[in-house]
Amino acid sequence: MFGEIKIAPSILSADFMNMERDIHMLEAGGTDFIHVDVMDGHFVPNLTLGVPFVKQLKRITDIPLDIHLMISNPLEQLDWYLDAGADWVSVHMETLRDDDEVRQVIDRIRKAGAHPALTLKPDYPIESLEPYIADLDMVLVMSVFPGFSGQSYIEGSEERVGEVAAMAKRLNPDLLIEVDGGISAGRTAGLVCAQGADVLVAGSGVFAQPNPEEAIGFLREAGRIGREADKAER
Ligand code: DX5
Ligand code: ZN
């Protein structure tokens, strides 16, 4: 929290027929991560990308892959994604039945040499993260209900970012806070960074812009300005 602002474009919004071109464009734009939205048509209504895609992506880029698992059975499939080259993995709290399952997920990701993250839908209580936050490298705060890109930011989501930041301040100051859903340079990037977001996921905020390569820099700058303005107020 309150670290350098990083950008994680969601390749769900890229041009699938020109994926390699788009990945190299993100590299040229100085992207920090590539966010991969894995949806199973069950935990969320949509069906998107899977293991073969992650494997191939890994072959064409050295940018860290940030895998967002929106699947009902993460314990069954987690190792496939780790073997495929995931660098960061976010697993939804809603898909884990008890404390033992959450611990298993964190341990397995860590043992594979990747970075463990937990995430939660906008209506899931932030307090549920508290027992695990010290063992995580990142928390992903969803600012839309997962399933589709291009949705509007849910107003007030920045307060949930602030709650995670307050918890991280006590228990894990090195934690990265990522925000996903409706993030754009116009307004929301600044709002969430003012509350402690470090990593901004953006689908439309990058790929639907006139110049997607430049959009990465605009997002970073908008986040930085939002954070500075907030600091000045405090
Ligand atoms: C939503 C996905 C997001 C989404 C982001 O379920 O997790 O990563 O694709 O798209 P935008 O930035 O357009 O909201
Ligand atoms: Zn996502």
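**Close-up views of a predicted model**

**View 1. Met 138 is a buried residue in the sheet strand β6.** Met 138 has a relative accessible area of 1%, so it counts as buried (under 20%; exposed is over 50%, partly exposed in between, with a 1.4 Å probe and protein chains only). The residue lies in strand β6 (residues 138-142); helices (H or I, at least four residues) and strands (E, at least two) are DSSP runs numbered from the N terminus. Among the residues that Met 138 touches are Asp 66, Trp 88, Leu 118, Glu 178 and Val 199, where contact means heavy atoms within 4.5 Å. The C-alpha atoms of Met 138 and Leu 118 are 7.0 Å apart, although 20 residues separate the two along the chain.

This is a predicted model, in which local features need pLDDT of at least 70 and side-chain atom pairs pLDDT 80 or more, while totals for chains, interfaces and linings use all residues. Residues are numbered from 1 along each chain as its sequence is written, chains are lettered from A and ligands numbered from 1 in the order written, and side-chain values use heavy atoms, without hydrogens and water.

**View 2. Eight strands form an open, parallel sheet.** Their order is β1-β8-β7-β6-β5-β4-β3-β2; two strands pair if DSSP finds at least two bridges between them. At the edges stand β1 (6-9) and β2 (34-39), each with a single partner strand, so one side of each has no neighbour in the sheet. From one strand to the next the twist averages 20°. Strands β7 (residues 176-180) and β8 (residues 199-202) pair over two bridges, and Glu 178 stands opposite Val 199 in β8.

**View 3. Helix α3 packs on the sheet and against helix α4.** Helix α3 (residues 74-84) touches β2, β3 (65-70) and β4 (88-92), and its direction makes about 170° with that of β4. The axes of α3 and α4 (residues 99-111) lie 10 Å apart at an angle of about 10°; axes are lines fitted to C-alpha atoms, for helices over the stretch in contact, and angles run from 0 to 180 degrees between N-to-C directions. The two helices are therefore roughly parallel (under 35 degrees).

View 4. His 35 is buried, at 0% relative accessible area.

Conventions: Parallel < 35°, antiparallel > 145°, perpendicular 65-115°, else oblique. Lists of a residue's contacts leave out its neighbours within four places in sequence.
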